[in-house]
Amino acid sequence: MAAPRHHLLLLLFLAAALALAAAEGAAAEEGPRGRRLLVLLDDLAVRSSHSAFFGSLQARGFDLDFRLADDPKLSLHRYGQYLYDGLVLFAPSTPRFGGSVDQSAVLEFIDAGHDMILAADSSASDLIRGIATECGDPEAMVVDHINYAVTDVDGDHTLIAGDDLIQSDVILGSKKIEAPVLFRGIGHAVNPSNSLVLKVLSASPSAYSANPKTKLSSPPSLTGSAISLVSVMQARNNARVLVSGSLDLFSNRFLKSGVQKAGSKTRYERAGNEQFVTETSKWVFHERGHLKAVNVKHHKVGETNEPGMYRINDDLEYSVEIYEWSGTSWKPYVADDVQLQFFMMSPYVLKTLSNDNKGLYSTSFKVPDVYGVFQFKVEYQRLGYTGLSFTKQIPVRPYRHNEYERFITSAYPYYTASFSTMGAFFIFSFVYLYHK
Amino acid sequence: LKETSASPPPLLFLLSPHPPELCFSAAMPQTQSSTAASGGGGRLRDAFGGVLCAFTLLLIGLLAFSIRLFSVIKYESVIHEFDPYFNYRVTQFLSKNGVYEFWNWFDDRTWYPLGRVIGGTVYPGLTLTAGTIWWLLNSLNIPLSVETVCVFTAPIFSANASWATYLLTKEARGPGAGLMAAAILAMVPSYISRSVAGSYDNEAVAIFALIFTFYLYVKTLNTGSLFYAALNSLSYFYMVCSWGGYTFIINLIPMHVLLCIVTGRYSSRLYIAYAPLIVLGTLLAALVPVVGFNAVMTSEHFASFLVFIILHVVAMVYYIKGLLTPRLFKVAMTFVITVGLAVCFAVAAVLIALVASSPTKGWSGRSLSLLDPTYASKYIPIIASVSEHQPPTWPSYFMDINVLAFLSCFLPLSDASSFLVLYLVTSVYFSGVMVRLMLVLAPAACILSGIALSGAFSVLTRSMKFQRQTSENAGDGSSNALANSETASKEKPSKKNRKRDKDSEGSSPADHMTEEKLLVLPCGPAAVGIMLLIILSGFYVIHCVWAAAEAYSAPSIVLTSRSHDGLHVFDDFREAYGWMRHNTDVDDKVASWWDYGYQTTAMANRTVLVDNNTWNNTHIATVGTAMASPEKEAWEIFSSLDVKYVLVVFGGLIGYPSDDINKFLWMVRIGGGVFPHIKEADYLRDGNYCVDAHGTPTMLNSLMYKLCYYRFVETDGKGFDRVRRYEIGKKHFKLTHFEEVFTTHHWMVRVYKLKPQKNRVRGKLKLKPAGRSSSKANSMRKIGGKKNPWQ
């Protein structure tokens, strides 16, 4: 009885110490995500063969916990709290995880708002494929006979030099990746109707997906640029998942090797892999492209307090501050396409917010001449950025009984008419009653 | 008692299963104060009669109040049903925030997201009345809660209504008939059904206002006093404040005025009774925000203005007739008629053009459905769907007004009595169209049968009394009676008005003598008649008490059922509303069929999409469409309206018949009326909405079916629905876009939450057949040869 309790206490102590360390580690500003990553491996050899990638993560302040995928003590959460903030799943061939972790646990981990890098290869197990499918990408092997990388072993065109990258500074960083990215593994299909998934590295038009060791008896199912080599998914709760068809993509060998594309004269000393994996991992772990909106305020023009209700035709001002996480601090987010809707079943007012380059977005407008329960609604979805979607409910009431005009100029003839009639009637009655 | 010497009203018992039929007898002399017996003892008897009358009235008031307390005794002191909850909520607001805030109240918790301007769309009479009572009691340091005051407002006002009935009947007939009518009205089931303690609805005060307005009208008609005319318009104002049924008054009184003019009974009293009412009444009515310009703009009020014009023309004709010689008058008459007709045609043409330009001809839907009973079912399902707008069945006549349906009477045709007769005829018609208007019929039936009963009693008792007196004098009275009555009937009608004026001052002894000789029956039949009448009244009382105790006292939010193993109480509604109040966020929106809107806002304090104030057909149709749609479409509709929870009422487990499946046809009809992709035929199997194995797929996939019957099969393993009395069609299914969050003890209320949009979208390999062809190669490639489900 005593031993487990002892363990428990120890664990608690450890957790507390860890939390303290994390709190100290975090600088003045708190980022959108914690820095505890769980790295699951098939084989501890991967730890050294991919040390450059892990090193870059650690250099950026991440706290890596390397575990074998079938470690029986494996657990993602304890006492209702997640132990990690992100997951690096470099265990393509593991048939099942150890401990309490399984496919649904990993998916719940993502649905709870955590991030994941998943790498598969040609030996990908059903489990890994399952997780990838749940995140939107089914997979198969890729061969490319034209855009292959020139290597020592001739005839093997499965090593692909990919340069069809997504056009997004947010995901890949502002510095352009010049050299092709080396890739060997399986490709996957992305459903074009799935708006959450993006192809970061697509295959070239001449690629196809098949087993290179066998003869093709029928046309391959996946061909050309429909094949995605590396894709990312940003879930609706802004959890980010990177699915790579190649574990080698992250390896020291690929990071360090030079590359020359077949048919191309230029030879690069270093492949684009290092830059690619660093930048995408920055994106996945929310070091870039994470927006937050704070201080949503609205008030009548000339006032400062937020009213509980507006009246029709009031003039109001609305402001919100939007910041982007730069990896170390919150920087003002500057864009000219943030729009505000004044919404009741449909937008009655749609205005682009102006900003002061310090993160403050504001606008002013007149409340429409319609009463009802309105919402201030900002829906901001941009490629690579976390979605901003916030609403604030506000009722709009009609005029009070004493807020209408008291005397209307155009009605003066009627006033005159009624009062003169009354006077005339009084005189008439007086004369009729008392004049004989 | 006073009425023993009142003139015998010829009467008639109609023992047929029809609503009251009316016959006009030959006019009989009417004597109201003929009791003023000559002699010194008469004054004492009068005073004694006055005290006795007051005491009886007090008792009648007590009876009216206490017979309505069954609901409090048997259940508890709660607000009943649906609309009263809204009125209660409004009263709470009023007592907390005052009149001006109430007037300007914009309620953002109903009709989301449209909101409702309560001050401008509600008849404030009831709320203001209860608010005033509460304020008065509190300022007298009687700290009653608003709820208590609301619960007991209706019984208090039914006492008032029975006193008003006394006044009206007394004005038309005499105090004896008045007492009788008041006693009958105090316990008429139809009125009890709308005014038991807790039934805090507009009708509770409106019936009092209606009767009191009629009383003041008849009083003005009888006295010709401007004072009463002014009071009458104030009373009319109160009625306008209280209930939309005021249009009945503003159409009935003009009809009566027209009747009087047509039958040549125009008098200055008629003018005084009518003209101030229209002028002041219309001005006052326009002050009520909910009526506003409707008081002069809608067709419901046109009749009164038309009659107003006619009355003036007639008044002028009478005036000119008095000024001119007959020959000149004839000339003037032709001139006036030609000019008048021309003007009339011109005005009528303008009016018709105006009216015809509006699609409903200027009538509101409800009024149109009164004039044309098939109108609503053809064009406005929303009005047809309201249960109290259904035409009543014959048993409901018997249930609600009992023997009064067979009782009626001849009356001497005076202005007052012709008014009552007209009132009865029109209200019989309207009650035949809408079951709710049975309530308007009830006072008319009470008054007329009160007159009949009191007349019958007075004839029978007097004949017994005379029998004893005249038996010594070789009883000649009975033989003379018929002859006397005939002569009386022949000479009266022409001199009617003058006669009545004289009567009101006091009848002459000669009249008194003739009346005493009228209609005297032999002693035996008289005694039997009295016995029969007493038995009849006894049955009536028993029926009324039974109706009050059993039929109409259930609050409908708490249900009970009695079975062999005792009393079962179903308190599911409050359980569900209580759950929502404590477990959902304050700003969450709850969607349900409109019936439960008022209760949800009042009891659960949550925002609703639609409620019992059915003014926006489209919004209700949206909810109906969502309920009739498959899960995914419904989810889209609801989430576009920010709905968090969906509430359905389900009676299949305990056999509660007025549940949402039985109301489903209206959701389909109202929804289909606005959104044509909902077709009623898709839900019908052989003309029925059935949810058994023969139910159509559309029906069995509709959201309403799924929300009602989700997991239902787990209760008994078969899915036997006790309301529909068969097994349901689709027993095992899962919900994908909704999740069950609460189901009450007896499954009567089920609350579902809309699931949020999926966090991730699962990938699908679209090229499945092609993938399969290469799967052989792939599986061979694999080391372990594992089966790959995606290829």
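Trainee: How many residues of strand β5 (residues 86-90) of chain A are buried?

Mentor: Five of the five, so β5(A) is largely enclosed by the rest of the structure. Buried means under 20% relative accessible area, exposed over 50%, partly exposed in between (1.4 Å probe, protein chains only). This is a predicted model, in which local features need pLDDT of at least 70 and side-chain atom pairs count only at pLDDT 80 or more, while totals for chains, interfaces and linings use all residues. Residues are numbered from 1 along each chain as its sequence is written, chains are lettered from A and ligands numbered from 1 in the order in which they are written, and side-chain values use heavy atoms, leaving out hydrogens and water.

Trainee: Which residues point which way from β5(A)?

Mentor: G86(A), V88(A) and F90(A) point one way, and L87(A) and L89(A) point the other way. All of them are buried.

Trainee: And which strands does β5(A) run parallel to?

Mentor: Strand β1 (residues 36-41) of chain A is joined to β5(A) by five bridges, and the two run parallel. Within that pair, V39(A) has V88(A) as its bridge partner. Strand β6 (residues 115-119) of chain A is joined to β5(A) by four bridges, also in parallel, and there L87(A) stands opposite M116(A). Two strands count as paired if DSSP finds at least two bridges between them. Strands are DSSP runs of E, at least two residues, and helices are runs of H or I, at least four, numbered from the N terminus.

Trainee: OK, next sheet. What is the order of the five strands in the open sheet of chain A?

Mentor: The order is β20-β28-β27-β23-β24, with mixed pairing. β20 (310-311) and β24 (346-352) of chain A stand at the edges with a single partner strand each, so one side of each has no neighbour in the sheet.

Trainee: How many bridges pair β20(A) with β28(A), and in which sense?

Mentor: Two bridges, in the parallel sense, with β28(A) covering residues 388-397. R311(A) has R397(A) in β28(A) as its bridge partner.

Trainee: Where in chain A is confidence lowest, and where is it highest?

Mentor: Helix α1 (residues 2-25) of chain A is lowest, with a mean pLDDT of 51, and helix α9 (residues 412-434) of chain A is highest, at 94. pLDDT is the predictor's confidence in each residue, from 0 to 100. The end C-alpha atoms of residues 412-434 lie 33 Å apart, and that span is 100% helix. Over residues 20-27 of chain A, pLDDT stays under 50, and the model has zero contacts there beyond four places in sequence. A contact means heavy atoms within 4.5 Å. Chain A as a whole averages 82, with 86% of its residues scoring at least 70.

Trainee: What about chain B, which stretches have pLDDT below 50?

Mentor: Chain B averages 79, and 78% of its residues score at least 70. Residues 1-38 of chain B are below 50, yet this stretch has 102 contacts in the model beyond near neighbours in sequence. Residues 474-516 of chain B also stay under 50, with 49 contacts beyond four places in sequence. For the complex, the predictor gives an ipTM of 0.80 and a pTM of 0.80.

Trainee: Switching to helices. Where is the kink in α6(B)?

Mentor: The kink is at T153(B), about 35°, shortly before the proline P155(B). The bend at a residue is the angle between axes fitted to the seven residues ending there and the seven starting there. Helix α6 (residues 146-172) of chain B has 27 residues and reaches 38 Å from its first C-alpha to its last, close to the 39 Å expected. That expected span is 1.5 Å times one less than the number of residues.

Trainee: How many residues of α6(B) are buried, and what follows the helix?

Mentor: 19 of the 27 are buried, so to speak mostly covered. G174(B) follows α6(B), with a positive phi near 150°.

Trainee: Last one, N87(B): buried or exposed?

Mentor: N87(B) counts as buried, at 5% relative accessibility. N87(B) is found in helix α3 (residues 83-103) of chain B. Not counting residues up to four places away in sequence, N87(B) touches L126(B), Y200(B), D201(B) and N202(B).

Trainee: What fraction of each whole chain is buried?

Mentor: Buried residues make up 49% of the 436 residues in chain A. In chain B, 52% of the 791 residues count as buried.
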